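Thanks for coming, everyone. Let me put the structure up, and then I'll walk you through a few of its features.

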Amino acid sequence: MSLLRQQGPATAAPPSTVRSKGLRAPGTGAGAGRNGRRSAHTRHQAMGLLLITPFGLLFAAFLVAPLAYAFWLSLRTSTLVGGDHFSWFANYKQTFTDPHFTSGVRRVVVFGLVQIPVMLGLALLGALIIDEVSSKLAKVFRMTLFMPYAVPAVIGALMWGFLYSPTFGPVNSLSHALGTGKVDLLGHSLMLTSLGNIVTWQWTGYNMIVLYAALQGLPREVYEAAKLDGAGQIQTALRIKIPMISSAMVLTLMFTIIGTLQFFTEPRVLEPTASSVITPDYTPNLYAYNLAFQYSEFNYSAAISFSLGAVVFIGSYLFLFAARKRSGLK
């Protein structure tokens, strides 16, 4: 009893002592911490969903819904005699046996085989030049090549249509002044060349900027090591710079292939000027457009559009599959 009286009444241990012994007050345990973290994570997820909701609604309204409706149209056939009925994939079967569609695909493939290497070669050459030159001249050169991309494609095609005109175009006026005779830049023999010139003028600067950005991301120590080993500028470009930006080159090439297969704006703008050469089926996209808005064949036009999309998807996938090992893409 004397010992108990000496110790006095029992007192509660201070909170710091409780925490130091591993004890927790009610409501502050591990379960409560996990619940708090879980609720915070849920709030963050809800806020993220709320922020992307406007984009999701616009995406569904202006892309998903039109594509679904177009695909539904492509599965139907509408005629004056038989009316509107569900025909499943009959339109697609007709598409791949349609000589107008297949000839348009062959034309854009031939066009791309010539135009794409020229355009990307010029873009790569321009990127290598401005990467090597560090003066103000490089900035002027970069802006000069990029400026045509800032011009809308329709305006650019109209401008070049004026330059190509066989009646009042300055190119033919110059050829007459030089005594070389009339040059029909909108004729059968030069039409693809003229279109390729427009596309090259429009898109070379864009691809050059993409490749130049990839070059700017390379470590400069590699260039210094190559210079110490006695490599010149050409050897450095061919053996170091180009292999190290192969991924960017593959991406620009893939986007260019997709754009070439969907070739539409330039032929459509020049069609009234050269109607004898640019026929309604000159390219697959132009063929689908004319079927829908000139002949009101919306079902078959939708089938052609989806068929072209399948060709573009398969071609892009095969290209990436063949190039990913060499470029490092996954």
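Let's start with the largest pocket. The largest share of its lining, 7 residues, comes from α12. A quick note on what we are looking at: this is a predicted model, where local features need pLDDT of at least 70, side-chain atom pairs count only at pLDDT 80 or more, and totals for chains, interfaces and linings use all residues. Residues are numbered from 1 along each chain as its sequence is written, and side-chain values use heavy atoms, with hydrogens and water left out.

Now, terms. Helices (H or I, at least four residues) and strands (E, at least two) are DSSP runs, numbered from the N terminus. A pocket is found on a 1 Å grid over the protein atoms alone: it is an open set of points where a 1.4 Å probe fits, with protein on both sides within 12 Å along at least five of seven lines. Lining residues have an atom within 4 Å of a point.

How much space lies in the largest pocket? About 350 Å³. That volume is the space filled by probe spheres set on the grid points, which are joined across faces, edges and corners. The lining has 20 residues, and the closest to the centre are Trp-203, Phe-255, Thr-256, Gly-259 and Thr-260. Which elements give two or more residues to this lining? They are α5, α9 (191-216), α12 and α13 (265-270).

Stay with α12 for a moment. This helix covers residues 246-261, 16 residues in total. From first C-alpha to last it reaches 23 Å, close to the 22 Å expected at 1.5 Å a residue. The expected span is 1.5 Å times one less than the number of residues. Several α12 residues are buried, among them Ser-246, Val-250, Met-254 and Thr-256. Buried means under 20% relative accessible area, exposed means over 50%, and partly exposed is in between (1.4 Å probe, protein chains only).

Next, α9, another of the lining elements. Ser-194 is found in this helix. Ser-194 is buried, at 3% relative accessibility. Ser-194 and Tyr-164 are 30 residues apart in sequence, yet their C-alpha atoms are 8.1 Å apart in space.

On to α5. Val-114 sits in this helix. Is Val-114 buried or exposed? Exposed, with a relative accessible area of 55%. Val-114 and Leu-192 are 78 residues apart in sequence and 9.6 Å apart, C-alpha to C-alpha.

Now the salt bridges. The structure holds 4 of them. A salt bridge is a side-chain nitrogen of Lys or Arg within 4 Å of a carboxyl oxygen of Asp or Glu.

Take Asp-131. It pairs with Arg-220, with the closest N and O atoms 3.3 Å apart. Asp-131 is in helix α5 (residues 99-132) and Arg-220 in helix α10 (residues 220-228), so this pair links distant parts of the chain, 89 residues apart. Asp-131 counts as buried, at 9% relative accessibility. Arg-220 counts as partly exposed, at 33%.

Asp-131 also forms a salt bridge with Lys-241, and here the closest N and O atoms are 2.9 Å apart. Lys-241 lies in helix α11 (residues 233-244) and Asp-131 in α5, so the pair ties together parts 110 residues apart in sequence. Lys-241 is buried, with a relative accessible area of 4%.

One more bridge joins Glu-271 and Arg-268, at 3.3 Å from N to O. Glu-271 counts as buried at 12%, while Arg-268 is partly exposed at 25%. As for networks, salt bridges that share partners join Asp-131, Glu-132, Arg-220 and Lys-241 into one.

Now to the surface. Tyr-69, Phe-71, Trp-72, Phe-86, Trp-88 and Phe-89 form a nonpolar patch, with about 690 Å² of accessible area together. Patches are made of residues with over 30% relative accessible area and no salt bridge: like charges are joined within 9 Å, and nonpolar side chains (Val, Leu, Ile, Met, Phe, Trp, Tyr) within 5 Å. Accessible areas come from the Shrake-Rupley method with a 1.4 Å probe, and for residues only the protein chains shown count as cover. Helix α3 (residues 30-74) gives the largest share of the patch, 3 residues.

Last, Trp-88. It lies in the loop between β2 (83-86) and α4 (90-95). Most residues other than glycine have a negative phi.
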